[in-house]
Amino acid sequence: MESFRLNDEFYLSEEAPSGGIDRQQFYINKLKLYIEEYKAKSGRNLTYSIETFGCQMNFHDSEKLEGILENIGYKKADSNTADLIIFNTCTIRENANLKLYGHLGTLKKRRLTSPDMMIGICGCMMQEPTVIENIKTKYKYVDLVFGTFNFHKVAEIIFKRISTGKQVIEIEKEAVENVENLPSKRKYEFKSGLNIMYGCNNFCTYCIVPYVRGRERSRTPEDILEEARRLAADGVKEIMLLGQNVNSYGTNFLAESDIIKNNPDYSFPELLDDICKIPEFERVRFMTSHPKDLSDKLIDVISKNKNVCRSIHLPVQSGSNEILRRMNRKYTRESYIELLNKLKDRIPDVSITTDIIVGFPGETDADFEDTLSLVEMAGYDQAFTFIYSKRTGTPAAGYDDQIDDDVIKTRFDRLLDAVNRTTKERVSRFKDLTLPVLVEEEDKDMEGYLTGKTEYSTTVHFKGDKSLIGEIVPVKLSVHKGFYYLGELTEEV
Ligand code: 5AD
Ligand code: SF4
């Protein structure tokens, strides 16, 4: 079968604007024509699917990709049938990389026998030079390869692929331009992420993020507030402010800002306060907070604004001072516990969630016991536990005291036991309370049930009609199931 082609004039693009949103809009418009012609000739729409791995930031990036693809005219489809399949990758742990190669292998045959099909891979993994070498030699059938700094250029990249017929690889080592406000498509109408900053300067010694997402860049308050107001007008009730470390918001702005000129001390607490003033936002969340610099001012803003959800993600990583030092976390076990106590005092019932790494190089039995004892005393609502993964290029990968797999496995199982037991105990404080629940979707397992979240991020399943999706309704949390509840829709309390 011949691959679909338009007349040659379509591929001449000298008139493309030199950069920014205009250039991307130019390519979006070009591709609109392509899609329309395709439909006229074949009688069907070209379709896409995006598979996303990793964190909230990646899911938010995928919404931006979806927005551009839908604007072009691609229709969403299942990955088994889609013409354009994009994988937005994560590289924080090695098994995330292996997963991608598995998916590509499965698609190879279909790609090689379908001339109009395209495979795209993008995001964090693409920022690793060894991955790109691998793709160039072993995965030549992948059509589009782009990094974390090229998301906004997806239309241009697709255009380049169809006009040259060759694999397109677009990777930058750092942010060359920042293009916001391209079309975006939210998964949920009533809630949205909102990037306030990009990148990370912390260089925790195990972590690859600073290398694949670049240095910290903060958007101006004007830019963020404008997007926030647009989202509010568009039906968003719950906003999640996103950054690798929101507490360092404002160290390096992407553009000039009058707000900053008038108030050079403006930082995350002020931004959060301004966001909370937008009346449509019934719920405001943020992630992630680094424990080294969560300020008293921020706690004040949280405690005075009732629409800030009483749920804070505060990754501890380890309970041992020696390991924290070697991780370059810049806080101690004692200062972390002090912060937890302060949060619990100032924000009654606050829910704290965390991330913990087991098996960091040099972790002794005593270090691990320190992590266990911290979990016992912290009273977490949820803890995400990870086995240390050696990431090439990070300082810890070069440490010569890596821990044996079987030692790690035993520690991991013990940690999981402690986490399950202690979070269950902590989450039991909501038993039989009636709390406002934002209804997110139909329950995936139980017919006639809905799934929602309290402001403490506790998941609740309850019977109800799907017309309630997107509403905040009172639900009695009657059956405690560990980290989640079964509940009943009730009258207002
Ligand atoms: N190995 C294991 N876990 C890691 N994380 C980050 N890097 C690694 C790594 N190399 C975990 C941290 C972080 C979370 C998002 O992922 O706990 O908070
Ligand atoms: Fe990674 Fe540390 Fe930055 Fe978080 S703060 S993204 S763990 S380097």
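Okay, quick housekeeping. It's a predicted model, so local features need pLDDT of at least 70 and side-chain atom pairs count only at pLDDT 80 or more, while totals for chains, interfaces and linings use all residues. Residues are numbered from 1 along each chain as its sequence is written, chains are lettered from A and ligands numbered from 1 in the order in which they are written, and side-chain values use heavy atoms, with hydrogens and water left out.

Let's start with helices. Helices (H or I, at least four residues) and strands (E, at least two) are DSSP runs, numbered from the N terminus. Axes are lines fitted to C-alpha atoms, for helices over the stretch in contact, and angles run from 0 to 180 degrees between N-to-C directions.

So, how do H2 and H5 pack? Helix H2, residues 56–72, and helix H5, residues 154–164, cross at about 55 degrees, with their axes 10 Å apart. That makes H2 oblique to H5; the cut-offs are under 35 degrees for roughly parallel, over 145 for roughly antiparallel, 65 to 115 for roughly perpendicular, and oblique for the rest. On the H2 side you've got Leu 65, Ile 68, Leu 69 and Ile 72, meeting Val 154, Ala 155 and Ile 158 in H5, where contact means heavy atoms within 4.5 Å. By class, that contact has 7 nonpolar, no polar and no charged residues. For the classes, Ala, Val, Leu, Ile, Met, Phe, Trp, Tyr, Cys and Pro count as nonpolar, Asp, Glu, Lys and Arg as charged, and the others, Gly among them, as polar.

Now H12, residues 333–346, with H13, residues 365–378: about 10 degrees, axes 12 Å apart. They're therefore roughly parallel to each other. By class, the contact of H12 with H13 has 6 nonpolar, 1 polar and 3 charged residues.

On to rings. The whole structure has 15 aromatic pairs. Rings of Phe, Tyr and Trp (its six-membered ring) pair if their centres lie within 6.5 Å; planes under 30 degrees apart count as stacked, over 60 as edge-to-face and the rest as tilted. One of the pairs is Tyr 27 with Phe 159, tilted, 5.2 Å centre to centre and 50 degrees between the planes. This one links distant parts of the chain, with Tyr 27 in helix H1 (residues 20–42) and Phe 159 in H5, 132 residues apart. Are these two buried or exposed? Tyr 27 is buried at 5% relative accessible area, and Phe 159 is buried at 4%; buried means under 20%, exposed over 50%, partly exposed in between (1.4 Å probe, protein chains only).

There's also an aromatic cluster made of Tyr 206, Phe 360, Tyr 388 and Tyr 399.

A cis peptide bond joins Met 287 and Thr 288, with omega about 5 degrees, and Thr 288 sits in the loop between strand E11 (283–287) and helix H10 (296–304). Gln 317 isn't a glycine, yet its phi is positive, near 75 degrees. Gln 317 lies in the loop between strand E12 (311–313) and helix H11 (321–326), and is buried at 7%. Asp 432 also has a positive phi, about 70 degrees, in the loop between helix H14 (405–427) and strand E15 (434–442). Asp 432 is partly exposed, at 40%.
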